[in-house]
Structures are given as C-alpha cells and as structure tokens.
Amino acid sequence: MANAQVPAYEAARVSKCKMPGVVAYTFDDGPYIYNDQLLEILKKKNVVATFYLVGQMVNKTLQQQGSLKKMLEHGHQLASHTYTHSNLDLMTEAEMKSEISRTSDVMFANSGVRPRYMRAPEGRCADACTKVMKELGLVISYWNVDTNDWRHVGEKTPALAVQKSMEEINRVIVQGSNPATDSFILLQHEIHPFSVEHLADVVIDAILKKGYRFVSMEECIGEPAYLEGSVVPTTATTAPVTPTATSSTGIPATTTGAGAGTGTGTGAGAGAGTGTGGVTVPTTSAAKGDNGAGVKSAAGWSLSLTAAAAALGLALF
Ligand SMILES: [Zn+2]
C-alpha cells in the first residue's frame, strides 16, 4: 500500500474496533528510551502495536529519531499524539492545527509517513477540537480499556505496579468480555520502565489467553493508517535496516538499506526542507519470530519517576 490515495474521510471518535475478537494495543508518549526494548518484547510475542508519538520527543536524541523507522520495520503503526502534549481544548484553531502539522512534519521527515490516527493528550478533544480534527481528516482515537500505568509508577515494586495496572484489564477483558462479541483499544505508555519491562508481557499473555488477536489501529478501525503523500512499507523483507545518518537539519539521508526501492513518493512538501520525493520507508520485516535475544533491563526501577518526568516534565496520561 504505497502512496495510498486517501479520499475525504469522515472523522471518527473511535474507542473500539469494528470487529469482535481483536485488541489494538496502543502506546502513548514516545518515542522514548525504552522503545528498543519494547520492540523486542513485541517481536518475541509476535504482537503488533500502534504508537501515538509526541512530536517534540522525536528529535530529542538520535535514538529517538531512529525509533520511527524501526517501529515501521517491525510492522507497527505510527500515530500522532500532538507536538507538545498540551490540552487541545485550551487552544485556538490555529494552535490545534499547528500541533498536528508539526507532528506530521517531524514524523514524515524521520519515517516517510504522515499519520491519520491521532490521540488527544489526556483524551481531551471537545467539540471545537473534534471539528478541527475532522477538517484535517484525522481519526480521533480514544480507548475502552486502560492500564493506568502512569498512576502506578510509584509502587514499591514492579510486581505491585504490574498487579495494579492489570486490574482494569482483568475486570473488563479477562472476566467481563467475550471475544465473540467484544473488541478493545488498550492504552499503555512507553515512557515508564516498568510498563515496558514488566507489564507488556503480562498484558499480552492475558489477552492472548482470553482468545483475542492483536491488531493495528488501521485494522481495528478499517481506515488507512497514513495520509496521502506517505510512503508506507509494501514489501516483506528480512534484510535488516539500520537507521540512516541524518543531515544537519535532522532529516534522514536517503535510505539505502531497505532494499525495496519504494522511494517514489510524492512528498507533501510541508516538512521543513524535505523538498520533493518521498523518503523511502523501510519495509516491513517478515521475520517476526523469536530471535532468542534476551530482553535487557533498560533502567532501574528507581529511575521510573525521574524518567517519566524527564520525558515530558509532567504527569501524563
Ligand atoms: Zn499522553
């Protein structure tokens, strides 16, 4: 699906999937330093996820910049969580549009895709916001089950934090749902070490055991993941792709490692200095099996609050 021609959309406020038996696993607030570790966990479990990224996080470090292509290589979906992670309901229309366009530009510059799915910080997107997002052709993504992982970073041990973060999942999905009739959009965050290191595995096992299948938001909702002008993966390959060097402007140099040669996009041109020609997006890896690599701890438990604060400077949803 390269350069998908995207028709005018009805904006949607979505909080569950269109078909039963599936769970869209969504991670907010990245890209952050635990992203590599999370990708390995998801790969080991053969689970797809959707990442709602904060625009201002992308250019923080080369690692975070490189995470966008890695997530696409692993077959995951990228989505927008605005640029500054501020309350959209307190903004003017122009400010809201800037939040979306700046995020779209930085994601395009670093991955070749412009996301169609957005999630408002703290889920705050009232009528004025909804109208703007609809004009922009975006899918406003909510959720119907929440780990509330950010509430539990201060627990004494990771095990306790996992236990508390599983309470709603256990109540709503494990005990209170039926895969024959129900579907879920599940909210988690990639900026809390316990959530990546300890919680993700437990969540995945519980949901698979209940009989659900993990899907991307694109499959969950049935609308394309990316806006016109995006160059999205089309060809399966097992060739590893390493992040390319970046120019002085922070824009990736031409990709050479993906091997699929799909770099014929019609760049939308809104990105700073991206000029014409789409960025070649790395192809989706066909190798989803367990590579046997152990998952290493990225940070000590005691760093969780510091890390979260460092991520965005405030408590996050
Ligand atoms: Zn958030």
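Reader: Is Ser183 buried or exposed, and what is its relative accessible area?
Author: In this predicted model, Ser183 belongs to the loop between helix H7 (167-175) and strand E8 (184-189); helices (H or I, at least four residues) and strands (E, at least two) are DSSP runs numbered from the N terminus. Buried means under 20% relative accessible area, exposed over 50% and partly exposed in between (1.4 Å probe, protein chains only). Ser183 therefore counts as buried, its relative accessible area being 8%.

Reader: What kind of model is this?
Author: Residues are numbered from 1 along each chain as its sequence is written, and side-chain values use heavy atoms, without hydrogens and water. Local features need pLDDT of at least 70, side-chain atom pairs count only at pLDDT 80 or more, and totals for chains, interfaces and linings use all residues, the model being predicted.

Reader: Which backbone nitrogen does the side chain of Ser183 reach?
Author: Setting aside neighbours within four places in sequence, Ser183 is in contact with Lys16, Cys17, Met19, Pro20, Val22 and Asn144, contact meaning heavy atoms within 4.5 Å. At 2.9 Å, the side chain of Ser183 reaches the backbone nitrogen of Cys17.

Reader: What is the relative accessibility of Thr50?
Author: Thr50 lies in strand E3 (residues 50-53). Residues up to four places away in sequence not being counted, Thr50 touches Tyr25, Thr26, Phe27, Gln77, Ala79, Ser216 and Met217. Thr50 counts as buried because its relative accessibility is 0%.

Reader: What distance separates the C-alpha atoms of Thr50 and Glu218?
Author: Along the chain, Thr50 and Glu218 are 168 residues apart. In the model, the separation of their C-alpha atoms is 8.8 Å.

Reader: Which residues is Phe51 in contact with, leaving aside its neighbours within four places in sequence?
Author: Phe51 is one of the members of the largest core that touch the most others. With those neighbours left aside, its contacts are Phe27, Asn35, Leu38, Leu39, Leu42, Met71, His76, Gln77, Leu78, Ala79 and Glu190.

Methods. Polar contact = N/O pair within 3.5 Å; in protein donor to acceptor, adjacent residues only side chain to side chain. Core = buried A, V, L, I, M, F, W, Y, C linked by side-chain atoms within 4.5 Å.
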